[in-house]
Amino acid sequence: MRGQIVKIVSNNYTVEANHTSYVCKARGRFRKEKKTPLVGDYVLFDEKNNYILEIEKRKNALVRPMVANIDQAFLVTSLKEPDLSLNLLDKLLVVMEVNKIKPIICLTKQDKCNKEEWENDQKIMQYYKNLGYVVLLNTELAQIKDFIRGKTSVFTGQTGAGKSTLLNHLDTTLHLQTGEISMALNRGRHTTRHVELLEMYGGKVLDTPGFSSLEFKNMTQEEIMNAFVEFKRYPCIYKDCNHIDEKECKVKEAVRKNQILASRYENYKKIVGR
Ligand SMILES: Nc1nc2c(ncn2[C@@H]2O[C@H](COP(=O)(O)OP(=O)(O)OP(=O)(O)O)[C@@H](O)[C@H]2O)c(=O)[nH]1
Ligand SMILES: [Mg+2]
Ligand SMILES: [Zn+2]
């Protein structure tokens, strides 16, 4: 039978097919072949013995969070508690740009900001909007639902940013566990511990465990550079300019003139390891 993996807890793979869930094991040979089934994978499975037989070719896959076959990503970004991290946001944008996944920036905890902080955040977010990115508040549920329809969306972002809370607001029947409960149980920092695929509003959404930092692997400097989409607006003299050590560089000039947000340039250097 053909189905889709909707949840993985240690070696148990929950596969959904025709609105029925099957808890399956994976074949031993997957490990030999270095194939790891991911949430979002379409698989062929033996529904009598509950074994995954075959993983279908993926449209794409992310390493962190570990998910497959994604159309778009909600980058759930808190403005407070935890404080806005433009470094994390830029890193996530790079991941999505490199993997050709549409990012949607979704801000949370605006209610915790004072007037001055919110005005400053809005200025920063206007910069991202000018780059062509969608920026929404987690209170704009109708718009979020519109984006969800007909697509597979991963919800990713820092732990405690409010991914599960937002999904609970979108579908009030969900009751996903959120921050405070885990604190009460003293389970540590990460409330969501498994990736889970859910269906809502004619689309699929994936709640994922948050993280406190992001590492980069398998990305070239060129890919990272291209992911900073505004750099292309300032063509340098040298086509292979890295915008770091070169003396005459239009990108660096644009940073000096405040045309490029300084934090974007600093995060570019950090991500490429400079
Ligand atoms: N004031 C305020 N609190 C929020 C908002 N969104 C989420 N929270 C709170 O933030 C805390 C963390 O929310 P979660 O939804 O558990 O965060 P998460 O991103 O799912 O975290 P992980 O599962 O650990 O990755 C909870 O106490 C929520 O009630 C918001 O917009 N405003
Ligand atoms: Mg969560
Ligand atoms: Zn340059």
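A helix, as the word is used here, is a DSSP run of H or I with at least four residues, and helices are numbered from the N terminus. The structure described below is a predicted model.

**The surroundings of ligand 1**

With that definition in hand, the shell around ligand 1 can be described by the elements that build it: helix 5 gives the largest share, three residues. Helix 5, which spans 163–170, and helix 6, which spans 179–185, each supply at least two residues of this shell. In total, 21 residues surround ligand 1, and the closest are Gly 162, Thr 165, Gly 179, Thr 192 and Gly 210. Sorted by class, the shell around ligand 1 contains 13 polar residues, five charged residues and three nonpolar residues.

**A hairpin and its turn**

Strand 12, made of residues 196–200, and strand 13, made of residues 203–207, run antiparallel and are joined by five bridges. Within this pairing, Glu 199 stands opposite Lys 204 of strand 13. The hairpin formed by strand 12 and strand 13 has two residues between the strands, and in this hairpin Tyr 201 takes a positive phi near 45°.

Most residues other than glycine have a negative phi, and most peptide bonds are trans. Against that background, two residues with a positive phi and two cis peptide bonds deserve a careful look, and the table sets out their angles.

| Site | Feature | Angle |
|---|---|---|
| Lys 34 | positive phi | near 55° |
| Tyr 201 | positive phi | about 45° |
| Arg 64 to Pro 65 | cis peptide bond | omega about -5° |
| Glu 81 to Pro 82 | cis peptide bond | omega near -5° |

Tyr 201, by contrast in its setting, sits in the loop between strand 12 and strand 13. Tyr 201 has 16 other C-beta atoms within 10 Å, so Tyr 201 is partly exposed, a class that lies between the exposed limit of 12 or fewer and the buried limit of 20 or more.

The two prolines of the table are also found in loops. Pro 65, which is joined to Arg 64 by a cis peptide bond, lies in the loop between strand 6, residues 61–62, and strand 7, residues 67–68.

Definitions and conventions
Residues numbered from 1 in each chain as written. Chains lettered and ligands numbered in written order. Predicted model: local features only at pLDDT ≥ 70, side-chain atom pairs only at ≥ 80, totals over all residues. Pairing = 2+ DSSP bridges. Near = placed C-beta within 6 Å. Nonpolar A, V, L, I, M, F, W, Y, C, P; charged D, E, K, R; others polar.
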